[in-house]
Amino acid sequence: MKYRTNLYIFVAVLFVVGAVFGALIVGALTLEQQQELAGEINRYVLSVDGTAHASAETLFWDRFWFHFKWVMLIWILGIIVIGVPGILALNFLKGMLIGFTGGVLVQQYGWKGIVFFVLSVAPQNVIAVPAMMIASAAAITFAVYVVKHRLLLQQQKGELLPQLGMLTSTVMIMLFLFAGSALFEAYLSPLIIGWASVYLPPPNGII
(Lines give C-alpha, C1' and ligand atoms only; values in the text may rest on other atoms or scores of the structure.)
Protein backbone atom coordinates (compact mmCIF):
# COMPACT_ATOMS: atom_id res chain seq x y z
CA MET A 1 0.00 0.00 0.00
CA LYS A 2 2.84 2.38 0.84
CA TYR A 3 4.49 1.58 -2.50
CA ARG A 4 1.23 2.29 -4.34
CA THR A 5 0.78 5.59 -2.48
CA ASN A 6 4.30 6.70 -3.34
CA LEU A 7 3.72 5.69 -6.95
CA TYR A 8 0.51 7.72 -7.15
CA ILE A 9 2.30 10.71 -5.67
CA PHE A 10 5.16 10.36 -8.16
CA VAL A 11 2.82 10.14 -11.15
CA ALA A 12 0.79 13.10 -9.85
CA VAL A 13 3.92 15.21 -9.39
CA LEU A 14 5.04 14.30 -12.91
CA PHE A 15 1.67 15.41 -14.25
CA VAL A 16 1.87 18.72 -12.34
CA VAL A 17 5.40 19.36 -13.63
CA GLY A 18 4.11 18.74 -17.15
CA ALA A 19 1.25 21.19 -16.57
CA VAL A 20 3.63 23.87 -15.33
CA PHE A 21 5.93 23.25 -18.28
CA GLY A 22 3.01 23.52 -20.69
CA ALA A 23 1.91 26.82 -19.16
CA LEU A 24 5.46 28.19 -19.40
CA ILE A 25 5.68 27.26 -23.09
CA VAL A 26 2.92 29.77 -23.83
CA GLY A 27 5.17 32.62 -22.68
CA ALA A 28 7.93 31.42 -25.02
CA LEU A 29 5.76 31.73 -28.14
CA THR A 30 6.49 34.47 -30.62
CA LEU A 31 4.01 37.32 -31.12
CA GLU A 32 2.96 35.86 -34.45
CA GLN A 33 2.29 32.46 -32.87
CA GLN A 34 0.34 34.09 -30.04
CA GLN A 35 -1.83 36.00 -32.49
CA GLU A 36 -2.44 32.85 -34.51
CA LEU A 37 -3.50 30.99 -31.37
CA ALA A 38 -5.73 33.89 -30.38
CA GLY A 39 -7.45 33.69 -33.74
CA GLU A 40 -7.99 29.94 -33.41
CA ILE A 41 -9.44 30.35 -29.92
CA ASN A 42 -11.73 33.12 -31.10
CA ARG A 43 -13.03 31.06 -34.03
CA TYR A 44 -13.55 28.01 -31.81
CA VAL A 45 -15.40 29.91 -29.10
CA LEU A 46 -17.64 31.67 -31.61
CA SER A 47 -18.43 28.39 -33.36
CA VAL A 48 -19.74 26.74 -30.19
CA ASP A 49 -23.45 27.38 -29.75
CA GLY A 50 -26.64 25.43 -29.20
CA THR A 51 -26.34 23.66 -32.55
CA ALA A 52 -23.14 21.92 -31.42
CA HIS A 53 -25.25 19.73 -29.16
CA ALA A 54 -26.71 18.01 -32.24
CA SER A 55 -23.40 16.24 -32.87
CA ALA A 56 -22.94 15.23 -29.23
CA GLU A 57 -23.08 11.51 -30.00
CA THR A 58 -20.33 11.81 -32.60
CA LEU A 59 -18.24 13.89 -30.23
CA PHE A 60 -18.75 11.34 -27.45
CA TRP A 61 -17.44 8.44 -29.52
CA ASP A 62 -14.58 10.56 -30.80
CA ARG A 63 -13.46 11.49 -27.27
CA PHE A 64 -14.05 8.00 -25.89
CA TRP A 65 -12.02 6.47 -28.72
CA PHE A 66 -9.22 8.94 -27.97
CA HIS A 67 -9.19 7.96 -24.28
CA PHE A 68 -9.46 4.27 -25.22
CA LYS A 69 -6.33 4.44 -27.38
CA TRP A 70 -4.51 6.39 -24.67
CA VAL A 71 -5.24 3.89 -21.87
CA MET A 72 -4.62 0.86 -24.10
CA LEU A 73 -1.22 2.28 -24.94
CA ILE A 74 -0.51 2.50 -21.21
CA TRP A 75 -1.66 -1.13 -20.82
CA ILE A 76 0.64 -2.30 -23.61
CA LEU A 77 3.61 -0.31 -22.31
CA GLY A 78 3.13 -1.89 -18.88
CA ILE A 79 2.98 -5.42 -20.29
CA ILE A 80 6.20 -5.06 -22.28
CA VAL A 81 7.91 -3.80 -19.09
CA ILE A 82 10.46 -1.63 -20.91
CA GLY A 83 7.61 0.74 -21.72
CA VAL A 84 7.56 2.27 -18.21
CA PRO A 85 9.42 5.42 -19.37
CA GLY A 86 6.75 5.77 -22.05
CA ILE A 87 4.00 5.62 -19.40
CA LEU A 88 5.72 8.37 -17.44
CA ALA A 89 6.13 10.39 -20.63
CA LEU A 90 2.40 10.09 -21.39
CA ASN A 91 1.49 11.46 -17.97
CA PHE A 92 3.92 14.33 -18.43
CA LEU A 93 2.48 15.00 -21.89
CA LYS A 94 -1.09 14.97 -20.58
CA GLY A 95 -0.15 17.54 -17.95
CA MET A 96 1.68 19.63 -20.52
CA LEU A 97 -1.33 19.71 -22.86
CA ILE A 98 -3.69 20.80 -20.08
CA GLY A 99 -1.19 23.35 -18.79
CA PHE A 100 -0.69 24.73 -22.30
CA THR A 101 -4.45 25.05 -22.80
CA GLY A 102 -4.85 26.84 -19.49
CA GLY A 103 -1.88 29.09 -20.23
CA VAL A 104 -3.27 30.13 -23.60
CA LEU A 105 -6.69 30.92 -22.14
CA VAL A 106 -5.20 33.00 -19.33
CA GLN A 107 -2.91 34.83 -21.73
CA GLN A 108 -5.74 35.70 -24.09
CA TYR A 109 -8.58 36.35 -21.63
CA GLY A 110 -6.89 37.21 -18.32
CA TRP A 111 -8.82 36.24 -15.21
CA LYS A 112 -11.86 35.37 -17.34
CA GLY A 113 -9.70 32.78 -19.03
CA ILE A 114 -9.28 31.07 -15.65
CA VAL A 115 -13.05 30.94 -15.23
CA PHE A 116 -13.45 29.65 -18.77
CA PHE A 117 -10.82 26.97 -18.13
CA VAL A 118 -12.54 25.87 -14.92
CA LEU A 119 -15.90 25.64 -16.69
CA SER A 120 -14.91 24.13 -20.03
CA VAL A 121 -11.66 22.19 -19.62
CA ALA A 122 -11.30 21.20 -15.98
CA PRO A 123 -14.54 19.24 -15.36
CA GLN A 124 -13.93 16.34 -17.75
CA ASN A 125 -10.27 16.21 -16.78
CA VAL A 126 -11.21 15.90 -13.11
CA ILE A 127 -12.44 12.45 -14.17
CA ALA A 128 -9.96 11.61 -16.94
CA VAL A 129 -6.71 12.57 -15.23
CA PRO A 130 -7.17 10.44 -12.06
CA ALA A 131 -8.30 7.54 -14.27
CA MET A 132 -5.14 7.88 -16.31
CA MET A 133 -2.98 8.04 -13.18
CA ILE A 134 -4.59 4.92 -11.71
CA ALA A 135 -4.12 3.00 -14.97
CA SER A 136 -0.52 4.21 -15.15
CA ALA A 137 0.21 3.16 -11.57
CA ALA A 138 -1.29 -0.29 -12.23
CA ALA A 139 0.81 -0.71 -15.39
CA ILE A 140 4.00 0.37 -13.63
CA THR A 141 3.24 -1.95 -10.71
CA PHE A 142 2.88 -4.87 -13.11
CA ALA A 143 6.15 -4.01 -14.87
CA VAL A 144 8.00 -3.76 -11.55
CA TYR A 145 6.53 -7.10 -10.48
CA VAL A 146 7.81 -8.74 -13.68
CA VAL A 147 11.28 -7.27 -13.24
CA LYS A 148 11.45 -8.24 -9.58
CA HIS A 149 10.03 -11.78 -9.78
CA ARG A 150 11.00 -12.85 -13.30
CA LEU A 151 14.21 -11.07 -14.19
CA LEU A 152 16.15 -10.22 -11.03
CA LEU A 153 15.53 -13.32 -8.93
CA GLN A 154 17.43 -16.45 -9.84
CA GLN A 155 14.36 -18.51 -9.02
CA GLN A 156 11.25 -17.24 -10.70
CA LYS A 157 8.58 -16.69 -8.08
CA GLY A 158 5.08 -15.35 -8.34
CA GLU A 159 2.44 -16.01 -10.96
CA LEU A 160 2.03 -13.46 -13.73
CA LEU A 161 -1.55 -14.29 -14.69
CA PRO A 162 -3.17 -12.88 -11.51
CA GLN A 163 -1.05 -9.73 -11.80
CA LEU A 164 -1.97 -9.36 -15.46
CA GLY A 165 -5.61 -9.86 -14.53
CA MET A 166 -5.40 -7.08 -11.93
CA LEU A 167 -3.84 -4.73 -14.47
CA THR A 168 -6.41 -5.55 -17.14
CA SER A 169 -9.38 -5.26 -14.77
CA THR A 170 -8.09 -1.90 -13.53
CA VAL A 171 -7.80 -0.64 -17.10
CA MET A 172 -11.33 -1.85 -17.89
CA ILE A 173 -12.72 -0.04 -14.85
CA MET A 174 -10.89 3.12 -15.86
CA LEU A 175 -12.56 2.90 -19.27
CA PHE A 176 -15.91 3.48 -17.53
CA LEU A 177 -14.48 6.64 -15.98
CA PHE A 178 -13.18 7.73 -19.37
CA ALA A 179 -16.67 7.14 -20.75
CA GLY A 180 -18.02 9.46 -18.07
CA SER A 181 -15.46 12.08 -19.03
CA ALA A 182 -16.40 11.72 -22.70
CA LEU A 183 -20.10 12.06 -21.86
CA PHE A 184 -19.48 15.30 -20.00
CA GLU A 185 -17.28 16.64 -22.78
CA ALA A 186 -19.80 15.73 -25.49
CA TYR A 187 -23.10 16.73 -23.90
CA LEU A 188 -22.36 19.36 -21.26
CA SER A 189 -19.13 21.12 -22.26
CA PRO A 190 -20.54 22.59 -25.52
CA LEU A 191 -23.46 24.05 -23.58
CA ILE A 192 -21.15 25.48 -20.92
CA ILE A 193 -18.77 26.91 -23.52
CA GLY A 194 -21.66 28.43 -25.45
CA TRP A 195 -22.96 30.07 -22.29
CA ALA A 196 -19.55 31.27 -21.07
CA SER A 197 -18.43 32.61 -24.47
CA VAL A 198 -21.01 35.41 -24.21
CA TYR A 199 -19.10 36.89 -21.27
CA LEU A 200 -15.66 36.64 -22.81
CA PRO A 201 -14.01 39.69 -24.36
CA PRO A 202 -12.16 39.32 -27.69
CA PRO A 203 -8.80 37.57 -27.18
CA ASN A 204 -5.71 39.75 -26.80
CA GLY A 205 -4.30 40.54 -30.19
CA ILE A 206 -7.71 40.19 -31.95
CA ILE A 207 -9.12 43.49 -33.22
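These legends accompany close-up views of a predicted model.

**View A. Confidence along the chain.**
The model is predicted. Its average pLDDT is 83 over the chain. A score of at least 70 is reached by 81% of the residues. Among the elements, helix 3 has the highest mean pLDDT, 92. Helix 2 (residues 31-47) has the lowest, with a mean of 69.

**View B. The ring pair Phe21 and Phe92.**
The chain holds 6 aromatic pairs. In one of them, the ring centres of Phe21 and Phe92 lie 5.8 Å apart. The planes meet at 40°, so this pair is tilted. Phe21 sits in helix 1 (residues 2-27) and Phe92 in helix 4, so the pair ties together parts that are 71 residues apart in sequence. How accessible is Phe21? Phe21 is partly exposed, because its relative accessible area is 40%. Phe92 is also partly exposed, with a relative accessible area of 25%.

**View C. Aromatic rings in helix 3.**
Trp61 and Phe64 form an edge-to-face aromatic pair. Their centres are 6.1 Å apart, and 85° separates the planes. Both residues belong to helix 3. They are 3 residues apart there, so about one helical turn separates them. Is Phe64 buried or exposed? Phe64 is buried, because its relative accessible area of 17% falls under the 20% cut-off. Trp61 is partly exposed, at 49%. Ring pairs also bring in Phe60, giving a cluster of Phe60, Trp61 and Phe64.

**View D. His67 and its contacts.**
His67 is another residue of helix 3. Its relative accessibility is 4%, so His67 counts as buried. Which residues does His67 touch, beyond those up to four places away in sequence? They are Lys94, Ala128, Phe178, Ser181 and Glu185.

**View E. Val81 in a loop.**
Val81 lies between helix 3 (56-79) and helix 4 (84-109), in the loop that joins the two. The phi angle of Val81 is near 70°. That is a positive value in a residue other than glycine. Val81 is a loop residue, yet it is buried. Its relative accessible area is 16%, which is under 20% and therefore meets the cut-off for buried.

**View F. The nonpolar surface patch.**
Val106, Trp111, Ile114, Val115 and Val118 make a nonpolar surface patch of about 480 Å². Which helix gives the most to the patch? Helix 5 (residues 111-120) does, with 4 residues. Trp111 is found in helix 5. Its relative accessible area is 60%, over the 50% cut-off, so Trp111 is exposed.

**View G. Pro123 and its surroundings.**
Pro123 belongs to helix 6 (residues 122-152). Leaving aside neighbours within four places in sequence, Pro123 is in contact with Phe117, Val118 and Phe184. Val118 is also one of the residues of the nonpolar patch. How far apart in space are Pro123 and Glu185? The C-alpha to C-alpha distance is 8.3 Å. In sequence, Pro123 and Glu185 are 62 residues apart. Glu185 is also one of the residues touched by His67.

Notes
Residues numbered from 1 in each chain as written. Predicted model: local features only at pLDDT ≥ 70, side-chain atom pairs only at ≥ 80, totals over all residues. Heavy atoms only, no water. Buried < 20%, exposed > 50% of the residue type's maximum accessible area, 1.4 Å probe, protein only. Contact = heavy atoms within 4.5 Å. Patch = residues over 30% accessible without salt bridge, like charges linked within 9 Å, V, L, I, M, F, W, Y side chains within 5 Å. Areas by Shrake-Rupley, 256 points an atom, 1.4 Å probe, with all protein chains shown as cover. Salt bridge = Lys/Arg side-chain N within 4 Å of Asp/Glu carboxyl O. pLDDT = per-residue confidence, 0-100. Phe/Tyr/Trp six-rings, centres within 6.5 Å; stacked < 30°, edge-to-face > 60°.
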